[in-house]
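The sequence and the structure come first, followed by the points grouped by topic.

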Amino acid sequence: MQDFAAIDFETANFERSSVCSVGIVIVRGGEIVDSFCSLIQPEPNYYQWRCTQVHGLTRADTDEAPVFSEVWKQVEPLIEGLPLVAHNAPFDKGCLRACLMTYQMDYLDYEFFDTLKAARRILPHLPNHQLQTVAAACGYDLTNHHHALADAEACAWIAKEIL
C-alpha cells in the first residue's frame, strides 16, 4: 500500500464517542508526507480511570481542547480520497462513526484497512499481535505507546511493510 492515512484514537471512557486524542499520519508514494495530532474535549466529558491508566490523559489535559467537530474540520482535507489504516480498525472506525453521529456530521464511507488483522495472517509466529509487538517485528521501535500520533506512526510503518 503506497497511499493512505494511518489513524489512531484514544478515548476518555468506554463510550466510542469519548475521543480525547487523535493522531493521523499521511503516506503518499510509500513515504510519510504529513502528520496531525490533537487533543479533543471528549463527549461525554469524563475520564474512566482505566482509560487514563492506559494513555495518561485526564480531564485537565483536554478541558481547553477543541471539540471533535472542530478537529475533524482540520483532519478531513488531510485524508480526503485516502483509505484509512488502523491497528484494530473496528475500534477506530467505531470511534469515528460515534463522534460523527454525536456531532450530527456526515459519515463518508471511509475505507478502512486493519493492520491487526493483516498481522495475524502474515505474522502468525509472533507471541501476540499488539501494536508494539507487530511494530517491532516490522522494524519500528514504538517507545511512546498509547500516544495517538506515535501509535499512528507505528501503524503507518506496519502498513507500509505488510499491506
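Contact here means heavy atoms within 4.5 Å. The model is predicted. It contains 7 helices and 5 strands, which run β-β-β-α-α-α-β-α-β-α-α-α from the N terminus on.

**Overall form**
- The radius of gyration is 15 Å, close to the 15 Å that the globule rule gives for 163 residues, so the protein is as compact as a globular protein of that length.
- Along the principal axes, the C-alpha atoms fill a box of roughly 40 × 35 × 20 Å.
- Of the 163 residues, 50% count as buried.
- Among contacts with a separation of 6 or more, 63% join residues 24 or more positions apart.

**Helix H7**
- H7 is largely enclosed by the rest of the structure, because 11 of its 15 residues are buried.
- These buried residues include Leu149, Asp151, Cys155 and Ile162.
- The buried residues of H7 pack against strands S1 (4-11), S2 (19-28), S3 (31-39) and S4 (84-86), and against helices H5 (115-122) and H6 (131-137).

**Nonpolar cores**
- The largest nonpolar core has 25 residues, and those with the most contacts inside it include Ile7, Phe9, Ile24 and Trp72.
- Two or more residues of this core come from each of S1, S2, H3 (68-79), S4 and H4 (89-102); H4 gives the largest share, 6 residues.
- Beyond its neighbours within four places in sequence, Ile24 contacts residues including Phe36, Val75, Leu149 and Ala152.
- A second, separate core of 14 residues includes Ala119, Leu123, Ala150 and Ala154.

Definitions and conventions. Residues are numbered from 1 along each chain as its sequence is written. This is a predicted model: local features need pLDDT of at least 70, side-chain atom pairs count only at pLDDT 80 or more; totals for chains, interfaces and linings use all residues. Side-chain values use heavy atoms; hydrogens and water are left out. Buried means under 20% relative accessible area, exposed over 50%, partly exposed in between (1.4 Å probe, protein chains only). Helices (H or I, at least four residues) and strands (E, at least two) are DSSP runs, numbered from the N terminus. A nonpolar core is a set of buried Ala, Val, Leu, Ile, Met, Phe, Trp, Tyr and Cys residues joined through side-chain atoms within 4.5 Å. The radius of gyration is taken over C-alpha atoms; the globule rule is 2.2 Å times the number of residues to the power 0.38.
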